[in-house]
Amino acid sequence: MAAVRSSAHVVPRAVIASPSEVTLPTGADQGFRSAHRLHKTDEYSSVFAFRRALRGRFYMLHYRPNELDTARLGVVVAKKLAKRANVRNLVKRIARETFRRHREGLPATDLVVRLHAPVAKATRAELNLDLLALLQRLPRQ
């Protein structure tokens with residue numbers, strides 16, 4: 001017969017506050033919410049059709065002013081430039097994190113970050129600095 005384990009040693013789970021219960025200081029919203037993302041193909045297409053872009057060493061930053069009160073981000077990474085999925089995911093994660101940290105200081109624009117050079121030999125610091133430099137060069141309105 002199989003031994004039956006007792007559940008007497010179960011440790012109660014910690015209570016986790018929901019995001020609405022956590023109070024943030026004013027102006028400290030650094031989340032990457034749905035309102036800060038480009039979702040639809042038309043949103044990406046309109047940014048590319050505006051034909052304004054800044055080029056860095058690894059990234060290209062396409063931008064278009066929007067009518068909202070915040071910047072929004074979309075990320076495009078081609079398999080041609082980053083063959084492995086883990087590298088593509090890393091590039092996207094770095095782009096989202098850099099945007100999330102600096103979104104408050106950006107003008108109200110729709111941004112599409114696109115990889116335009118192979119990143120096989122690039123370090124994470126180089127990718128971070130390249131995108132940060134592009135965000136700083138973004139025209140202010």
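Which residues touch the most other members of the largest nonpolar core? I put this at the head of the page and looked it up in the structure, bearing in mind that I am working from a predicted model.

**Entry 1, the core.** I found that the largest nonpolar core holds 28 residues, and that Tyr59, Leu61, Leu111, Leu115, Val119 and Leu127 are the ones that touch the most other members. I then asked which elements supply this core, and noted that strand S2 (59-65), strand S3 (72-76), helix H2 (85-102), strand S4 (109-115) and helix H3 each give two or more residues to it. The most comes from H2, which contributes five residues. I set beside this the general remark that nonpolar side chains tend to be buried together in soluble globular proteins.

I went through the secondary structure of the protein chain and recorded three helices and four strands, which follow the pattern α-β-β-β-α-β-α when read along the sequence. The protein chain has 141 residues, and 35% of them count as buried.

I searched the whole structure for salt bridges and the search came to seven.

Arg72 and Glu43 meet through their side chains in a salt bridge, with 3.4 Å from N to O. Because Arg72 lies in strand S3 and Glu43 in helix H1, this pair ties together parts that are 29 residues apart in sequence. I checked the cover of these two as well, and both Arg72 and Glu43 are buried.

The next pair is Arg57 and Glu126, whose side chains meet in a salt bridge at 3.5 Å, N to O. This pair links distant parts of the chain, since Arg57 sits in the loop between S1 and S2 while Glu126 belongs to helix H3, 69 residues apart. Are the two partners buried or exposed? I read a relative accessible area of 54% for Arg57, which is therefore exposed, whereas Glu126 stands at 28% relative accessibility and so counts as partly exposed.

The last pair I looked up is Arg101 with Glu97, a salt bridge of 2.9 Å from N to O between their side chains. About one helical turn separates Arg101 and Glu97, because they are four residues apart in helix H2. Arg101 is exposed, with a relative accessible area of 52%, and Glu97 is partly exposed, with 31%. I also noted that Glu43, Arg64, Arg72 and Asp110 are joined into one network by salt bridges that share partners.

I followed up Arg124, which is placed in helix H3 (residues 124-137), and which is exposed because its relative accessible area is 56%.

I stopped at Arg51, where phi is near 60°, a positive value in a residue other than glycine. Where does Arg51 lie? I placed Arg51 in the loop between helix H1 (41-50) and strand S1 (53-55).

How values were computed:
Residues are numbered from 1 along each chain as its sequence is written. This is a predicted model: local features need pLDDT of at least 70, side-chain atom pairs count only at pLDDT 80 or more; totals for chains, interfaces and linings use all residues. Side-chain values use heavy atoms; hydrogens and water are left out. Buried means under 20% relative accessible area, exposed over 50%, partly exposed in between (1.4 Å probe, protein chains only). A nonpolar core is a set of buried Ala, Val, Leu, Ile, Met, Phe, Trp, Tyr and Cys residues joined through side-chain atoms within 4.5 Å. A salt bridge is a side-chain nitrogen of Lys or Arg within 4 Å of a carboxyl oxygen of Asp or Glu.
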